[in-house]
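Please read these notes with the coordinates open. They are set out as numbered points.

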Amino acid sequence: MDKNDKSSKGQQGININVLKQGLCTGCSACVNLCPSMEYYKDKTILLHDCNLDKGRCFTYCPRAPTDFEMLRRELFDPEDMVLELGSFKGLYMTRATNENIRTGAQHGGTVTALIQLALAQGIIDEAVLADNNDLLLPSAQPIADEDEVLEKARSKFVVSPTVSAFNRISRAGEGKIGVVATPCQAQALTKMKVNPVLEDKLRMEKLKLVIGLFCGWALDWRKFQKLMKEKAGDFKIKGMDIPPSNHACMEVYTIKGTIKVPIEEISNCVRDDCSYCFDMTCEFADISVGSARSKEGWDVDKGWNQLIVRTSKGAQLLALAREKGVLEFKKVPDNNIEKLKKASARKKHACLMNLAQKTGNWDDLIYIDSGDPVVRHIRGMNFGQQ
Amino acid sequence: MLEAKKDFEALLMGNDAIARGALEAGVNVVTGYPGTPSSEIVEQLAKVAEESNLYVEWSVNEKVALEVAAAGSYARLKSMCVMKQVGVNVAADSLLHIAEYGTRGGLVLVSCEDPGALSSTNEGDSRPYAKMMEFPLLEPGDFQEAKDMAKWAFELSEDIRNIVMLRSVTRLSHASGNVIMGELPKDRPKAAFEFSSIPMDQMKGPILAFPTLVDPLRRRQLEKLSKAEKIFEGSPFNKYTGPAKPELLIITSSVCKLYVQEALDILGLWERVGLLKLGTTWPLPSKLLEQHLGICEKIFIVEEGTPFLEDNIKALAAEKAKQVGIKTFFGRKDGTLPPVNELNPDLLIKGINFILGESYQFVSDEYKAKALEIIAAGAPVRELTFCPGCPHRASFWLINSALKLDNRAGFLCGDIGCYSLGAGPCGFSTIKILQAMGSGMGMASGFGKLDKFGMTQPIMAVCGDSTFFHAVIPALVNAVHNRSDMILVVLDNSGTAMTGFQPHPGSPSGAIGTRLPVLDIEKLCNSLNVRVEMGDPFDLKGTRETMLDLLEDGGNPRVLILKQPCALSPIKKGQKMYEMAIDANLCLADLCGCNKLCTRVFKCPGLIWDTQKEKVRIDEVLCTGCGVCADICPAKAIKA
């Protein structure tokens, strides 16, 4: 086979259309399926050439050509579709009732509480979570014990090999699995779930819950750790956050104290592939969770999460959380949906521009179908000069 | 080597013939560094070292080998130093000084060269050293001459009191022919170095290359060269065969003589063509040449390597133009012969036909085409590859994986050894620079300093254990001192494996088998105060972790020693660490999830792809039981 065959639906297709195009997100969907693709630090590596003209790496890759409209049809109720936000059954502001969870969590601890609940109720037997042993370079671990879930809390700014961990445990074990995923990871899981190749049918039935995380971008580990080394030296980093303010900074919490890193320096560390992302609110999940915005301001908001329910499974889980009292709710400000829609549309628009710029052709958006209804809608929107 | 009495005729390999010639000359000290096609000479002499009272050593490198041999000569012993063509470059600095001063006991430098680079990375021709450094050069043209000229080289050296170079080539060193033996001497000389006289007293003074002595030393050296030329004029190793007035005169040396003879036999041209075969090619016997250049207008010079004879004879012909007249020269320079690569009778037939305007074709085009067709269809494809169970395959698997995972376009600088194959598919094309002994380390030392110009690629170098001692130590010291950011991986397979497992300073015994102190590579590196890690290339998981960690730990030179004896090593031979087995039910074959990783990428010759069952199987005969493939198989179908 021609080594430069763009039409390959195997590893060569991935190499030419995704890796060499700089689109790979490091979601790790192609890892732990075969020995030729591996994950190292925060990157997916093509370790050995494979000459198969069809492969699961290509089939499941969220940056290989993807029919998102088909995935939406398969996963969601068409009645729920909101063009900017995906399937939408409601927007909530929540936080964990348990104060211990909130203290250990990035914001409201909603994800931690929901995963603990799903484990306790037997909805899932184990959950794949990004580890926070090393905040600069998270790994991904399956957790079966509710108490351990809290240890995995807090936001990570570098991607974790979550889907590869799912691949590994879904092949080995028998249990029901839940995954906390970023948008690209959730897209990959959805592609696997909706259209598994024969040998993956059984294991994909084990995927019972996807809790999505809102995601603006992820950082490139090598650049970020270099920056952190400059800023924090060898001090252990306990946490990080980017509070909204006029003087945007990343706050890095170390035992030495808080270090403020100007956002421009952080922006320089953002993965290139994030500029081709079409999904801020993690649309291909049962429930998607992010930080909150409200009139009361950041000091209050940082203790809360915003949450979108997308599937009936997600709605049931949230209802259960309310019933069991593991989450507290507060009223969502009236204009929050509009703000969220605008932010999401802005990211989608930037993605399409970047893709079109890469190909020089608005009808060739590499992995996104230019005829997709959401694409057509976003293209028609006007954001002025960005 | 010793049993054969005088006048006994035996079939000898060219290298054996050279060794026998040295014994007949009464050689005492033999040194060398292994290198194809030279290694057998030292090995043969090592075997008889005790009986013949020889000192034989495999030296750390060719420069030291020449110096050790020169010490023998300066102590009035007959000494011989053996190497392949590239070794002469390593020895060249000392060679210049030894040749300038001269010798006491006979000193012969044997250079076995490799036209066509059959087992080399170059087609180096050492003959120009003889001209450049002004000492005599001998080129035996057959197996008898290999023995006879080896013996004569010592006599000549003692006659003129300077070093003599004996040059062989692969087709002489490694082919065999009949040789009639000569007498073996019985005398046992006593060694002593005298320095009681003035420096210019060659036999009794101190040996000093002082600036003020260069003028007289060089004058003396040139006198030696003139003396050699006079001897060469009457040498039986220079021989003319053919008519008194030929249409074409062919001048040749070395085994090219055999090619010319065969070509003339086939063409039936002995009546028309004359052959002047030279055994002494520097200095040229000018009177002899003047005499023969005069008999013919067309001169065809046949030689392998650089146009050494051609240039020198042309210069001589210009000098003697009045006496010999204007000549037309044919050779490598005008395209009568190809400018590079080995010669053979076919090429000579073509050349002679071209000059004489004949059209005889020894092998018809039709036959050639048919032969090629049969070869293509009938011969199995045999890739250049590492042996089954070779630790290098595992090492390159690891280095290749580590550099790819690291993902910063890191690369590997290699050098000379079995592991040079790391540049090819069997080494996953990991080596990106491959030149001379130890040059990988030196270049890595250089690349590792280019960060100030924005170079961010991680740099790795590999060397073998023998090469480590031979040429890597100074380069490593350079990297340490200059704080170069690089990783040296020493592929320690416990011997000079490529050339036949000769010992080196890390080995417990020397050329003659006596026990010798072992130099520990790890301890040597530790003494440089850099990070040194040990690893087993067969421990894929653990060693990969070490390698990745070393890659992250940038800024200074780091050393990783991967220790695992060669699969052919005497320590290992015939023993299997594991009995390998296949669970065919688990083998994923060419399905997504594997795609024959074992036989498509890893490709140990001990693994066979069964085309009928479409599963992998073990070749019980070839498999050495190293167990590495069990860790390669993603489905755990290969079991150790």
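This is a predicted model: local features need pLDDT of at least 70, side-chain atom pairs count only at pLDDT 80 or more; totals for chains, interfaces and linings use all residues.

The points below take up the interface, then chain B, then selected parts of both chains.

1. Three salt bridges are counted between chain A and chain B. One residue that forms a salt bridge with chain B is Arg222(A), whose partner is Asp406(B); the closest N and O atoms of this pair are 3.6 Å apart.

2. Overall form of chain B. The secondary structure of chain B comes to 22 helices and 24 strands. Its radius of gyration is 28 Å, close to the 26 Å that the globule rule gives for 640 residues, so chain B is as compact as a globular protein of that length. Along the principal axes, the C-alpha atoms of chain B fill a box of roughly 80 × 70 × 60 Å. Buried residues make up 55% of the 640 residues in the chain. Among contacts in chain B between residues at least 6 apart in sequence, 77% join residues at least 24 apart.

3. A buried strand residue in chain B. Val82(B) is located in strand β4 (residues 79–84) of chain B. The relative accessibility of Val82(B) is 1%; since the cut-off for buried is under 20%, Val82(B) counts as buried. Leaving out residues up to four places away in sequence, Val82(B) touches Thr31(B), Gly32(B), Tyr33(B), Ser38(B), Ile41(B), Val42(B) and Val110(B). Asn122(B) is 40 residues from Val82(B) in sequence, and their C-alpha atoms are 18 Å apart in space.

4. Helix α1 of chain A. How much of this helix is buried? Seven of the nine residues of α1 (residues 11–19) are buried, so the helix is largely enclosed by the rest of the structure. The buried residues are Gln11(A), Gln12(A), Gly13(A), Ile14(A), Ile16(A), Asn17(A) and Val18(A). They pack against β1, β2 and α2 (56–60) of chain A.

5. Salt bridges within chain A. Over all chains, the structure holds 54 salt bridges. In one of chain A, the side chains of Arg56(A) and Glu199(A) meet at 4.0 Å, N to O. Arg56(A) lies in helix α2 and Glu199(A) in the loop between α8 (183–194) and α9 (201–204), so the pair ties together parts that are 143 residues apart in sequence. Arg56(A) counts as buried at 6% relative accessibility, whereas Glu199(A) counts as partly exposed at 46%. Glu251(A) and Lys260(A) form a further salt bridge, also given as 4.0 Å, N to O. Glu251(A) is buried, with a relative accessible area of 18%, and Lys260(A) is exposed, with 54%.

6. Salt bridges within chain B. Asp549(B) and Arg531(B) meet in a salt bridge of 2.7 Å, N to O. Asp549(B) belongs to helix α20 (residues 540–552) and Arg531(B) to strand β19 (residues 531–535), so this pair ties together parts that are 18 residues apart in sequence. Asp549(B) counts as partly exposed at 41% relative accessibility, and Arg531(B) counts as partly exposed at 25%. Elsewhere in chain B, a network of salt bridges links Glu113(B), Asp125(B), Arg127(B), Glu139(B), Arg167(B) and Glu303(B).

Definitions and conventions: Residues are numbered from 1 along each chain as its sequence is written. Chains are lettered from A and ligands numbered from 1 in the order in which they are written. Side-chain values use heavy atoms; hydrogens and water are left out. Helices (H or I, at least four residues) and strands (E, at least two) are DSSP runs, numbered from the N terminus. The radius of gyration is taken over C-alpha atoms; the globule rule is 2.2 Å times the number of residues to the power 0.38. Buried means under 20% relative accessible area, exposed over 50%, partly exposed in between (1.4 Å probe, protein chains only). Contact means heavy atoms within 4.5 Å.
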